[in-house]
Each structure stands twice: as C-alpha cells, then as structure tokens.
Amino acid sequence: MSMIAAFYGGKSILITGATGFMGKVLMEKLFRTSPDLKVVYILVRPKQGQTLQQRVFQILDSKLFEKVKEVCPNVHEKIRAISADLNQNDFAISKEDMKELLSHTNIIFHCAATVRFDDHLRHAVQLNVTATQQLLLMASQMPKLEAFIHISTAFSNCNLKHIDEVVYPCPVEPKKIIDSMEWLDDAIIDEITPKLIGDWPNTYTYTKALGEVVVQQEGGNLNIAIIRPSIMGATWQEPFPGWVDNLNGPSGLIIAAGKGFLRSIRATPMAVADLIPADTVVNLTLAVGWYTAVHRPKSTLVYHCTSGNLNPCNWGKMGLQVLATFEKIPFERAFRRPNADFTTNNITTHYWNAVSHRAPAIIYDFYLRLTGRKPRMTKLMNRLLRTLSMLEYFVNRSWEWSTYNTEMLMSELSPEDQRVFNFDVRQLNWLEYIENYVLGVKKYLLKEDMAGIPEAKQHLKRLRNIHYLFNTALFLIAWRLLIARSQVARNVWFFIM
Ligand SMILES: CCCCCCCCCCCCCCCCCCCCCCCCCCCCCC(=O)SCCNC(=O)CCNC(=O)[C@H](O)C(C)(C)COP(=O)(O)OP(=O)(O)OC[C@H]1O[C@@H](n2cnc3c(N)ncnc32)[C@H](O)[C@@H]1OP(=O)(O)O
Ligand SMILES: NC(=O)C1=CN([C@@H]2O[C@H](COP(=O)(O)OP(=O)(O)OC[C@H]3O[C@@H](n4cnc5c(N)ncnc54)[C@H](OP(=O)(O)O)[C@@H]3O)[C@@H](O)[C@H]2O)C=CC1
C-alpha cells in the first residue's frame, strides 16, 4: 500500500493554479491515487466568458481525466471551485468561502503564477510575490494546516551558474519592492525595471526569486517546502505519455518547427536541455507534501526537480530527435517542410532570420494579397522571432543544480511509493520521451487526427517538389543572367553543351 496515497485520503487540499498545465496534472494524480480524499478546493477566476463550473467541467471532460472518472466517479463532487482572483485583496474570496477554507484546509499546493517572461513588473510582483505573501497569511490562520508547498522554478536563480537547494537573498528586499509597486506609476516602473532585475533575464525569473524569499521570511511556524522544476514538458508516463496543453517552453517551438515556420534558432547544441516531464514534477510535489506534513523538517527544504545532473540531454540531441519524429509523424498543412537548424552567432542568426523567416513570410503575404486574402504571415513570423529572442537566454547556457534533498526524499520512500510516485529521471529514455512529446503536441495541442498522417506526408512531398522547382527556376534565372554578362560563364556553358 502506498503511504503517500494513504496520507492524502480524507484530506482537504487547496490548490492555486489548478486550471494551469501543472495544476491539472496534479489534480489528476491526486484523484487517481487517493480517490478517498475529502475535497480539493481550487481557487479559480471566471475567464473568457466561462463560469467557474464550466471551467471545472471542461477540465474534467478532457482526455486527461478519463482514468480518474473510472476510479473516482464522483470526482466532480469532490472539487470545490472557489471564485478568487489572486490579483485582488484577500483574493476577492467571499466571507463564507474564506471561513470554509480557513477552517478545513490540511495541505496547500501553491502553483498559480504568471509565467510570461515579458510581464509588466507590477503584475509579475502582484502575482508571484504579493499573492504568495497573502496566501501565507491565510495559511497562518488555518488551524488544521499540515503543509504548505510552494512551486517555484529552477531558474529563479538563473543569474548563478551553480545552484544549491537553498533560498538565495535578493539585492532588494521583497517588502520594499511590494511597497514601491503601490506608489510608483507604470512609466517609472518601466524605467527602473532593468536596474531592479539586474542580471536576471526577465521579470518572471526575478519575481519567482522574490517569491521564494517571501516564503522563507514570512513562513513563520508553518511546515513549508519549495519545489523548483526546470522546464516542464509533456507527461512522461502518467496518466499517459505526451499530454500537454499549452505553448510554453519547447511546445510552441515544436509546433513552429513542425509546421515549417521555424527554420533556425540561436542555440548551443551542447548546452544542457534541462527538461522535466510534468508528471515527474507532480510525483515529487505529492511526495514532498507527504514528507513535509509527516516528518516536519526543522527548516524550509528546497527540492530541485531537474534532469541535467542525473540524466543530461542537450539541445542538439533534442532538436535532432524532434526533426526525426516529424519524418514519421508529420503535422498537417505545413507551411514548409520541417527543416530547422541551430545558429551560434549574431551574424548567422540575422542572416537566417532575414532569408529563412522574413523573406518567405513577405513572399507568402504578397501571394495572399494577390489572391485577395488578408496577409498574416509577416505578423506571425514577427511573433515567432520575438518568442525566439526571449527563449535564447535559456538555450545558450547550462546550469548545475544540486539535488541532495530530492535524492534524500527518494531514499525515504517505500519501494511501493518509489513506483507509484516515481520522480527518478535516471529511468527516462530521452529519445522515446521526445517522440511521445511531439506526438502529444500533435494530438492534444493541435488536435490533429492520426488518420491524417498519409495526407500530411503527401503534402510534404508536394512542398518538396515545389521547393526543388523553385530552386531550379532560381538557378536557371541566375545562370541566364550570368551568361548574359560573363564571357567565362558563356565558355563554361558552351563547353558543357
Ligand atoms: C550537434 C548538431 C546539432 C544540430 C541540431 C539540428 C537540429 C535543429 C533544431 C530544430 C528545432 C526543433 C524544435 C525545437 C525543439 C527544442 C527547441 C528548444 C526550445 C527551448 C525552449 C526553452 C524555454 C526555456 C524556458 C525556461 C524558463 C523557465 C521555465 C519556467 O519556469 S516557466 C515556463 C516558461 N514560460 C514560458 O515559456 C512563457 C513564454 N511565453 C511568453 O513569455 C510570451 O507568451 C511571449 C513568448 C513573450 C509572447 O508574448 P506575446 O504577447 O507576443 O504573445 P502572447 O503570449 O499573447 O501569444 C501570442 C501568440 O503566440 C503564441 N505563443 C505563446 N507562447 C509561445 C511560445 N512559447 N512558443 C510559440 N508560440 C507561443 C500564443 O499562443 C499566441 O498565439 P495565438 O493565440 O494564435 O495568437
Ligand atoms: N511550465 C513550466 O515550464 C514551469 C513552471 N513552473 C512553475 O510551475 C507553476 C505552474 O506553472 P504552469 O502550470 O506551467 O503555469 P500556467 O500558466 O499553465 O498556469 C498558471 C495558473 O495560475 C493561475 N492564475 C494566474 N493568474 C491568476 C489570478 N490572478 N488569479 C487566480 N489564478 C491565477 C492560472 O489561472 P487561469 O487558468 O485563470 O489563467 C493558471 O491556473 C508556476 O508556479 C510556475 O512558475 C516552474 C518551472 C517550469
């Protein structure tokens, strides 16, 4: 019998960010392994015209929850969606809901965050720092609380090369940052943002670092743990391989490459691609929840959920495997044949951006205009280039994360728990994982049917023929011009003929 699964039985669990990528995988695993848990409170905001209930039903109706509905048929009764906006005071939670949360919650998993790299500092501070502070305050008023698990990121200290499982101080105290956001206007914040974030690459990683310091400083007597996943990718094994539902991290680029938009990316092939499957992160999170509540470590433990030091893979290997998978499982209606490459310096990056990204987009838009349609490719390409420039920082560096606490926890688990809540990435076969990831992107993000593969292959053949035709025509035009202007070229031509 799994001790961890048994621990969550009968518990009231509060999850923030349950509608996000990680939150959904976390809820799924909780219900599947501990169907006898009492209730899962989720803090949800109404979005895109959907009520809270509609949002919950949409999640439960997805393929991700198919197994859960078999083992826990009354799952919808056990999810209690609470209307909340983490940007508001007291999260805009009603008095009755707040009373219920305060008096019943046993475990908190704080996953909500803004993960946008370019978010305005005010908003990133509000969600990643102030909301964490408010949640800690709420937690301190929960008499039955056993553990508070804060999800951070392994990149919260990406300004360092070697990162230990400790909370590092920030140059400016989070409290001062929070205060200043209250009275500074947006224009001034824009101006001082580069100075404040210093050697962090963006507001996301900077505010996640501030969030950790808040957790450490204001955790009081709570049983707290911090989890730092690296780049979260599609699921590895559970509930099935390849599940993914957003464009963050590599997923968006896999689409861009598979559809033929992405031709080159400035990346270092030998740099470590520190991906970690979402189900591995969730297994560690649940194990940490159990350990923190039952063993009550004296200090706040930080757990790195990374792959680089235990089972490293680099961007070169990953890129090649992604491209190899497109051969077997192509995406439908590609713009060009998938054929991306890595560049390593500014000049080649600018060259390939002009030749392989911007020029085809301009030509295609010209064709759309000629045929009376609205041009859209240049806009799309500009977005892609902006995304690439934001991700560049992470694909041209390697970091070393120590994993003492994570390995210690692994050794504390019973053999059964090591199996049910497996977070040992040494067992991960990268080639298989990446193939399933690409397949998952096709099925669950692009919603493409496997039955369409023969047609997609046919389409790629047509694109290849168009490509050959275009290149031949281009060569003949260039050669004709050369013959007209150069005696040497004429002589070569007559010689060949
Ligand atoms: C040895 C020899 C070697 C040879 C090798 C040859 C091989 C060749 C290689 C081929 C390549 C193959 C494919 C690629 C495979 C791997 C490539 C490497 C990928 C690396 C990615 C690493 C990322 C690391 C990040 C790590 C950071 C820390 C991790 C975390 O803690 S949190 C999660 C990370 N957060 C994010 O990822 C958020 C990023 N997104 C943003 O910040 C923003 O969305 C934005 C990118 C700034 C864009 O903002 P905008 O306001 O412009 O747009 P908006 O958000 O409104 O979206 C507009 C449309 O764009 C879509 N979109 C959003 N995000 C992405 C994305 N990441 N990628 C693509 N598209 C995206 C969005 O959906 C919108 O679309 P619409 O709805 O249709 O309008
Ligand atoms: N994805 C990754 O690669 C990595 C993620 N992490 C961390 O893991 C955690 C989860 O990330 P992930 O699931 O990918 O992120 P997502 O962007 O998928 O999910 C974010 C969640 O936060 C919620 N949220 C955002 N703003 C508010 C708000 N004002 N009020 C209420 N809820 C809000 C979102 O709700 P809504 O659905 O309404 O928008 C959503 O449920 C984050 O803490 C992130 O920093 C760490 C490392 C890597």
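1. Asn353. In this predicted model, Asn353 has a relative accessibility of 14% and therefore counts as buried, since the cut-off for that class is under 20%. The residue belongs to helix 14, which covers residues 346-370. Leaving aside residues up to four places away in sequence, Asn353 touches Ser264, Arg358 and Leu385.

2. His123. From His123 to Phe366 the C-alpha separation is 39 Å, and the two are 243 residues apart in sequence.

3. Seven strands make up an open sheet with parallel pairing, and their order is 3-2-1-4-5-7-11. Strand 3 (79-83) and strand 11 (301-305) are the edge strands, each pairing on one side only. From one strand to the next, the twist averages 20°. Helix 2 (residues 21-33) lies across strand 1 (12-16), strand 2 (39-44), strand 3, strand 4 and strand 5. Relative to strand 1, helix 2 runs at about 165°.

4. Strands 4 and 5. The parallel pairing of strand 4 (residues 107-110) with strand 5 (residues 147-151) extends over four bridges. Within this pair, Ile108 stands opposite Phe148, and His110 stands opposite His150. Strand 5 is mostly covered, with five of its five residues buried. Ala147, Ile149 and Ile151 point one way from the strand, whereas Phe148 and His150 point the other way.

5. Strands 7 and 11. At the strand 11 edge of the sheet, strand 7 (residues 224-229) and strand 11 run parallel and are joined by five bridges. His304 of strand 11 is the bridge partner of Arg228. Although strand 11 pairs on one side only, it is mostly covered, and five of its five residues are buried. Leu301, Tyr303 and Cys305 point one way from the strand, and Val302 and His304 the other way.

6. The nonpolar core. How many residues does the largest nonpolar core hold? The number is 152, and the members with the most contacts inside the core are Ile15, Met27, Ile42, Phe109 and Leu409. Helix 12 (residues 278-295) gives the most to this core, contributing ten residues. In soluble globular proteins, nonpolar side chains tend to be buried together. Leu409 touches Leu284, Ala287, Val288, Trp290, Tyr291, Tyr303 and Phe423, with residues up to four places away in sequence not counted. One of these contacts, Tyr303, is a buried residue of strand 11.

7. Helix 13. The 14 residues of helix 13 (residues 315-328) should span 20 Å at 1.5 Å a residue, and the end C-alpha atoms are 20 Å apart, which agrees. Which residues of helix 13 are buried? They are Trp315, Gly316, Met318, Gly319, Gln321, Val322, Thr325 and Phe326. The elements covering these residues include strand 8 (231-233), strand 10 (275-277) and strand 12 (341-343). Helix 11 (250-258), helix 15 (377-395) and helix 18 (430-445) are also among them.

8. An unreviewed UniProt entry places the feature "domain: Thioester reductase (TE)" at residues 15-284. That span is 43% helix and 14% strand, and its end C-alpha atoms lie 16 Å apart. The feature "domain: Fatty acyl-CoA reductase C-terminal" is placed by UniProt, again in an unreviewed entry, at residues 357-448. Here the chain is 70% helix and 2% strand, with the end C-alpha atoms 25 Å apart.

9. UniProt (unreviewed entry) places the feature "transmembrane region" at residues 466-483. In the model, the chain over residues 466-483 is 100% helix and 0% strand. The end C-alpha atoms of this stretch are 25 Å apart.

Conventions. Residues are numbered from 1 along each chain as its sequence is written. Chains are lettered from A and ligands numbered from 1 in the order in which they are written. This is a predicted model: local features need pLDDT of at least 70, side-chain atom pairs count only at pLDDT 80 or more; totals for chains, interfaces and linings use all residues. Side-chain values use heavy atoms; hydrogens and water are left out. A nonpolar core is a set of buried Ala, Val, Leu, Ile, Met, Phe, Trp, Tyr and Cys residues joined through side-chain atoms within 4.5 Å. Buried means under 20% relative accessible area, exposed over 50%, partly exposed in between (1.4 Å probe, protein chains only). Contact means heavy atoms within 4.5 Å. UniProt positions are given in the numbering used here, feature names are shortened, and annotations may be inferred rather than shown by experiment. Two strands pair if DSSP finds at least two bridges between them. Axes are lines fitted to C-alpha atoms, for helices over the stretch in contact, and angles run from 0 to 180 degrees between N-to-C directions. The expected span of a helix is 1.5 Å times one less than its number of residues.
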